[in-house]
Amino acid sequence: MTMREVSIPVRDGISIGAAIYAPEGGGRFPELLAASPYRYDNNTLPAGPQFLWRETGPIEFYVKSGYAYVHMDVRGSGKSGGEFEFLGENEQRDLYDVIEWIAKQPWSNGKVGGLGQSYFCMSQWWMGIMAPPALACLGAYDGLNDPYRASCYQGGIPGQFFPGYWWNQNRIINRFPANGAAPREQRTDLDALLASHPTYDDFWRARCASERLHEIKVPLYSIGIWGKLDLHTRGNIEGYRRARGPRKLQMRGPPNAWAANQEFNSVELHEKVLLPFYDRFLKGKETGWDQRPPVEYFVRGANVFRTSDTWPPAGVQYKTWHLNGNS
């Protein structure tokens, strides 16, 4: 596996930094694009409690499987220009431009798929909405698409995950990358920025992929995690329900963020679940993905997967819960 760094120009004149991991030798390969603010040069760090943001999946596994893996730093992070916008419109357009740049390279077969967990997955919803011609599919694992309702102002209550804990962690790993080279100071005050928009206004509407999920027409494999109900789970369910291309949903059982991170970075998940999807739409192979049920969902307690033609499954009975028995 070889890795080289590139600088990709986008429409407003800034450059996006990316690492390209490719199979040895020549050839034209399908590409997987992973986009996040976590710096591709932190990929030397193992996924673990001190760096939960290593949500790339097993890069070497995909390279050995005949894919070029492209990991881009979103604007305002790592080696990319501009200021960090937290899913803003420039960041969205960058995804279009980078995908089209990738498709035109001599080592590309012209087909690009989205890959990655959490912020990487949040970026994938926008890849689908931006609809660059070279985008062929999305493997959306564990990612929200409505940041206002899913975290920042859940139920109208301000949350400190993104503006507090997450942003502080992100600024640290940008300022002190694993190799110590090219430290990045991020001037965006995300706490002040999000606090200045307490209601669902145009700021949030521009960042809410949930409002535009119906624009996603490429094949989608939406894979959600029951243990992330307070963050990402609804995003994967709604992504499946409202996208308009060929799509399937799988709801999996990891009980928390740490377990989901470990699962996504394991070869087993990708070998059994995601690689057949990518091989189907990026290589044109018959892999059995088309024969999978539309919906597969893990049942806690029973510890089994069940299948359905729809979500929610047929026969679901809704119950109303109250704070006390007198309501």
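Biologist: Helices (H or I, at least four residues) and strands (E, at least two) are DSSP runs, numbered from the N terminus, so which helix is D94 found in?

Modeller: D94 is found in helix 2. This is a predicted model, where local features need pLDDT of at least 70 and side-chain atom pairs count only at pLDDT 80 or more, while totals for chains, interfaces and linings use all residues. Residues are numbered from 1 along each chain as its sequence is written, and side-chain values use heavy atoms, with hydrogens and water left out.

Biologist: Is D94 buried or exposed?

Modeller: D94 is buried, at 2% relative accessibility. Buried means under 20% relative accessible area, exposed over 50%, and partly exposed in between (1.4 Å probe, protein chains only).

Biologist: And what is D94 in contact with?

Modeller: Setting aside neighbours within four places in sequence, D94 contacts V10, I16 and R75. Contact here means heavy atoms within 4.5 Å.

Biologist: At what angle do helix 2 and helix 3 pack?

Modeller: Helix 2 (residues 89-103) and helix 3 (residues 119-130) pack at about 75°, and their axes are 9 Å apart. That makes helix 2 roughly perpendicular to helix 3. Angles under 35 degrees count as roughly parallel, over 145 as roughly antiparallel, 65 to 115 as roughly perpendicular and the rest as oblique. The axes are lines fitted to C-alpha atoms, for helices over the stretch in contact, and angles run from 0 to 180 degrees between N-to-C directions.

Biologist: Which residues meet there?

Modeller: From helix 2, E91, Q92, R93, L95, Y96 and I99 meet Y119, S123, W126, M127 and M130 of helix 3. The residues of this contact are seven nonpolar, two polar and two charged.

Biologist: Changing topic: how many residues has the largest nonpolar core?

Modeller: The largest nonpolar core has 93 residues, and F86, W166 and Y278 have the most contacts inside it. Helix 3 gives the most to this core, with nine residues. A second, separate core of ten residues includes I237, L249, F298 and W311. By core I mean a set of buried Ala, Val, Leu, Ile, Met, Phe, Trp, Tyr and Cys residues joined through side-chain atoms within 4.5 Å.

Biologist: What about N303, buried or exposed?

Modeller: N303 is exposed, with a relative accessible area of 55%. N303 has a positive phi of about 55° without being a glycine, and lies in the loop between strand 11 and strand 12. For context, most residues other than glycine have a negative phi, and most peptide bonds are trans.

Biologist: Which peptide bond is cis?

Modeller: The one from W311 to P312 is cis, with omega near 0°. P312 is found in the segment after strand 12.

Biologist: Last one: how many strands has the open sheet?

Modeller: The open sheet has ten strands, in the order 1-2-4-3-5-6-9-10-11-12, with mixed pairing. Two strands pair if DSSP finds at least two bridges between them. Strand 1 (2-9) and strand 12 (304-308) are the edge strands, each pairing on one side only.

Notes. Nonpolar A, V, L, I, M, F, W, Y, C, P; charged D, E, K, R; others polar.
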